[in-house]
Amino acid sequence: GLLAGVPYNFKLKSINKYGSSDWSYLFTETKNAGYCGNYYDTKILRDNCQQFAQDAPAIWLKCNGNDNCQTNAFEKDWSFSTNCTLCWVQLNDCAMEVCAKSCVQHPSSANCITCIQDTCSPETETCTGYPQWPITCP
């Protein structure tokens with residue numbers, strides 16, 4: 001699906017039994033959703049997804065799970081909006097509290113990712129506004 005809060009430019013051409021049309025352009029913008037589904041926060045995640053997926057668990061470890069420390073790190077290091085940062089702190093807390101056994105030593109392991117997707121993703125999807133958000137980046 002399309003990400004929330006992002007402008008899109010589509011190039012369209014129709015073909016029927018009489019031939020094809022010239023190219024047309026369709027400009028559209030999806031609605032904002034949740035706390036992160038806006039152009040600003042979505043661009044940060046989209047442009048840095050791989051690095052963010054690696055760094056997020058490290059923030060929890062560096063902060064010893066302290067929410068204020070994590071909030072500061074997500075805002076300072078990543079420049080996420082204050083509201084969006086709440087979602088990433090919530091995800092980190094869930095992942096490390098519920099999935100700690102699977103995630104502390106190997107945050108990118110299949111067991112860790114499965115635990116987070118099964119346990120933490122539904123809340124994260126609602127908070128961020130990213131339905132079926134990619135815990136592993138494309």
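Ser79 is partly exposed, with a relative accessible area of 33%, where buried means under 20%, exposed over 50% and partly exposed in between (1.4 Å probe, protein chains only). That residue is a friendly place to begin. The model is predicted, so local features need pLDDT of at least 70 and side-chain atom pairs count only at pLDDT 80 or more, while totals for chains, interfaces and linings use all residues. Residues are numbered from 1 along each chain as its sequence is written, and side-chain values use heavy atoms, with hydrogens and water left out.

## Two residues in loops

Ser79 sits in the loop between H2 and H3; helices (H or I, at least four residues) and strands (E, at least two) are DSSP runs, numbered from the N terminus. Although Ser79 is not a glycine, its phi is positive, at about 65°. Asn64 also has a positive phi, near 50°, and is a residue other than glycine. You will find Asn64 in the loop between H1 and H2. With 68% relative accessibility, Asn64 counts as exposed.

## Disulfides

Searching the whole structure turns up five disulfides, that is, pairs of cysteine sulfur atoms within 2.5 Å. One of them joins Cys63 and Cys69, with sulfur atoms 2.1 Å apart. The angle about its S-S bond is -65°, which makes the link of Cys63 and Cys69 left-handed.

Another disulfide connects Cys87 to Cys127, S to S 2.0 Å. This link of Cys87 and Cys127 is left-handed as well, with -85° about the S-S bond. Because Cys87 belongs to helix H3 (residues 82-98) and Cys127 to helix H6 (residues 121-128), the pair ties together parts that are 40 residues apart in sequence.

Cys94 and Cys120 form a disulfide too, and their sulfur atoms are 2.0 Å apart. With -85° about the S-S bond, the link of Cys94 and Cys120 is left-handed. Cys94 lies in helix H3 and Cys120 in the loop between helix H5 (110-119) and H6, so this pair ties together parts that are 26 residues apart in sequence.

| Residue | Relative accessible area | State |
|---|---|---|
| Cys63 | 6% | buried |
| Cys69 | 30% | partly exposed |
| Cys87 | 0% | buried |
| Cys127 | 11% | buried |
| Cys94 | 15% | buried |
| Cys120 | 2% | buried |

Buried residues in H5 include Cys112, Ile113, Cys115 and Ile116. They cover an arc of only 160° around the axis, so they are on the same side of H5; the arc is that of the directions from the helix axis to the C-beta atoms. The face of H5 turned away from this buried side carries the exposed residues Ala110, Asn111 and Asp118. Among the elements covering the buried residues of H5 are H3, helix H4 (100-103) and H6; contact here means heavy atoms within 4.5 Å.

## Aromatic rings

The structure holds six aromatic pairs. The ring centres of Tyr8 and Phe10 are 6.0 Å apart and their planes are at 15°, so this pair is stacked. Rings of Phe, Tyr and Trp (its six-membered ring) pair if their centres lie within 6.5 Å; planes under 30 degrees apart count as stacked, over 60 as edge-to-face and the rest as tilted. Phe10 is partly exposed, at 29% relative accessible area.

Phe52 and Phe80 make an edge-to-face pair, 5.3 Å centre to centre with 70° between the planes. This pair links distant parts of the chain, as Phe52 is in helix H1 (residues 39-62) and Phe80 in the loop between helix H2 (67-78) and H3, 28 residues apart. Phe52 is buried at 6% relative accessible area, and Phe80 is buried at 3%. Ring pairs join Phe52, Phe74, Trp78, Phe80 and Trp88 into a cluster.

Elsewhere, the charged end of Lys11 sits over the ring of Trp23, 4.8 Å from its centre. This requires NZ of Lys or CZ of Arg within 6 Å of the ring centre and within 35 degrees of the ring normal.

In soluble globular proteins, nonpolar side chains tend to be buried together. Here the largest nonpolar core has 28 residues, and those with the most contacts inside it are Phe52, Phe74, Trp78, Phe80, Trp88 and Ile116. The elements giving two or more residues to this core are H1, H2, H3 and H5. H3 gives the most to this core, with eight residues. A nonpolar core is a set of buried Ala, Val, Leu, Ile, Met, Phe, Trp, Tyr and Cys residues joined through side-chain atoms within 4.5 Å.
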